[in-house]
Amino acid sequence: MNQESKGNHLIFDGCDTVELAKQYKTPLYIVSETCIINKCREIHEDFLRKYKNTKAVYASKAFLNIEMCKLITREGLGLDVVSGGELYTAIKGNVPMKDVVFHGNNKSLDELKMAVSYDVGRIVVDNGYELQMLSQIAKEENKIVHILFRMTPGIDVKTHKYISTGQVDSKFGVPFQNNTLHDYVCEIEKMSHIKLEGFHFHIGSQLLDNEAHLMALEVLLNLIKDLRDTIGFETSEINLGGGFGIPYTKEDEPRGIKYFIEPMMDKIYEKCQLHSLSIPQVVIEPGRWIVGEAGMTLYTMGSIKDIPGVRTYASVDGGMPDNPRPSLYNAKYEAVIANKYDKVEDEMVTIAGKCCESGDILIWDLKVPAVEPGDILAVMRTGAYNYSMSNNYNKLPRPAVIMVKEGNSRVVVRREMYEDLIRRDVLFNE
Ligand code: LLP
């Protein structure tokens with residue numbers, strides 16, 4: 001993770017994190033550009049260059065801003081967006097619209113119109129209601145809209161309930177059972193302005209083994225064969241979603257992209273050959289895997305409260321508004337004291353946020369060297385779904401985001417100010 005120590009300080013992508021905390025203040029999101037670039041290059045090497053007719057799009061919900069759009073485009077990946085707001089950011093970040101995939105289980109009429117007018121490359125249709133709306137818009141705009149249909153493969157995955165999406169009982173997509181998809185395919189074939197390219201699934205997030213992806217793929221490949229055999233529909237593209245997990249703690253095993261991709265590609269080639277199906281274009285859309293390990297959050301420690309025989313709470317200047325994941329999903333993080341990086345960790349503290357919520361605990365029972373107010377806490381691997389899920393609870397201004405690369409740093413999202421917190425309040429003259 002481009003992490004080392006120098007004079008007891010934690011160094012991240014060549015930058016002294018204690019100096020960064022001084023220069024940019026805390027709480028502070030730091031994102032390593034080198035780490036993101038390395039991840040993108042691994043995708044090129046083990047997926048895009050290795051297999052013909054493949055595409056990778058970055059799931060921007062994990063972490064999105066203008067600079068990230070530029071970085072992802074430079075690295076040759078497309079962008080998955082899930083709302084008008086993400087699409088707007090992609091437009092402003094000059095992402096080529098042909099490389100954008102638009103998702104969502106309840107896209108609004110306005111969002112669909114926006115996507116069609118900007119010629120977004122693929123719209124992943126989630127349900128019949130959306131299909132009708134889109135067909136109407138495409139006709140009005142006189143454009144051919146290229147779509148995938150999202151199917152739920154009926155797979156239960158090993159992850160938190162709130163981030164599993166492939167089970168039958170899901171708000172996303174159309175279940176593959178009961179011929180529902182067959183009926184939709186026949187309906188789409190009759191639509192003059194909609195071109196169905198194929199199917200998409202996304203079964204869940206933070207999956208650390210590849211079993212569930214393979215099971216979902218099996219269901220999808222059977223569907224493709226069945227559609228060809230029964231109604232003569234040829235699938236030209238499949239999108240296998242994201243969900244590839246990263247190690248958050250020492251117990252999690254790190255997984256290269258190859259671990260997930262290779263068995264899936266083997267299965268696709270095998271099955272297609274067996275059933276004389278032409279190999280479709282294969283798309284993946286990792287979010288967390290690209291950006292999760294590239295991020296770190298710095299906090300300054302404030303009050304330290306020891307309850308003898310119970311525990312010691314060390315409170316920091318952020319918490320659940322900048323990282324809602326521990327309170328939402330019971331997510332685990334590791335952290336170090338950035339200004340005491342080489343010191344022996346012989347004490348135990350619980351890291352509390354500063355919100356008026358007992359549940360605002362970032363890390364339970366963290367081993368640390370002796371801590372004191374003013375120490376800098378660095379929480380590791382916060383690159384995914386921290387900044388993007390941050391909020392202003394208790395009117396805490398959101399931290400700045402800085403990108404670091406080989407010893408250089410720059411602000412890519414400025415810190416919120418108190419004025420930002422009331423910017424949209426309507427003031428009436430008395
Ligand atoms: N594609 C689709 C259609 C998705 O819905 C998602 C994530 C992804 C790709 C990317 O998944 P990833 O590779 O990042 O696992 N807020 C939660 C994660 C929600 C994921 C939602 N969909 C968390 O903090 O764990």
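Me: Which ring does the charged end of Arg255 sit over?
Reply: This is a predicted model. The charged end of Arg255 lies 4.0 Å from the centre of a ring. A charge counts as over a ring when CZ of Arg is within 6 Å of the centre and within 35 degrees of the normal. The ring is that of Tyr259.

Me: Which ring has the charged end of Lys39 over it?
Reply: Here the charge comes from a lysine, Lys39. Its charged end is 4.0 Å from the ring centre. The ring belongs to Trp289.

Me: How are the rings of Phe199 and Phe233 arranged, stacked or edge-to-face?
Reply: Their centres are 6.1 Å apart, and the planes meet at 75 degrees. Planes over 60 degrees apart count as edge-to-face. So the pair is edge-to-face.

Me: Is Phe233 buried or exposed?
Reply: Phe233 sits in the loop between helix 8 and strand 12. Its relative accessibility is 5%. Buried means under 20%, so Phe233 counts as buried.

Me: How many residues apart in sequence are the parts that Phe63 and Tyr387 tie together?
Reply: Phe63 and Tyr387 form an edge-to-face pair, 5.5 Å centre to centre. Phe63 lies in the loop between strand 5 and helix 3. Tyr387 lies in the loop between strand 19 and strand 20, so the pair ties together parts that are 324 residues apart.

Me: Which residue in the turn between strand 14 and strand 15 has a positive phi?
Reply: Strand 14 and strand 15 pair in the antiparallel sense over five bridges. They form a hairpin with three residues between them. At a phi of about 80 degrees, the turn residue is Gly309.

How values were computed. Residues are numbered from 1 along each chain as its sequence is written. This is a predicted model: local features need pLDDT of at least 70, side-chain atom pairs count only at pLDDT 80 or more; totals for chains, interfaces and linings use all residues. Side-chain values use heavy atoms; hydrogens and water are left out. Two strands pair if DSSP finds at least two bridges between them. Helices (H or I, at least four residues) and strands (E, at least two) are DSSP runs, numbered from the N terminus. Rings of Phe, Tyr and Trp (its six-membered ring) pair if their centres lie within 6.5 Å; planes under 30 degrees apart count as stacked, over 60 as edge-to-face and the rest as tilted. Buried means under 20% relative accessible area, exposed over 50%, partly exposed in between (1.4 Å probe, protein chains only).
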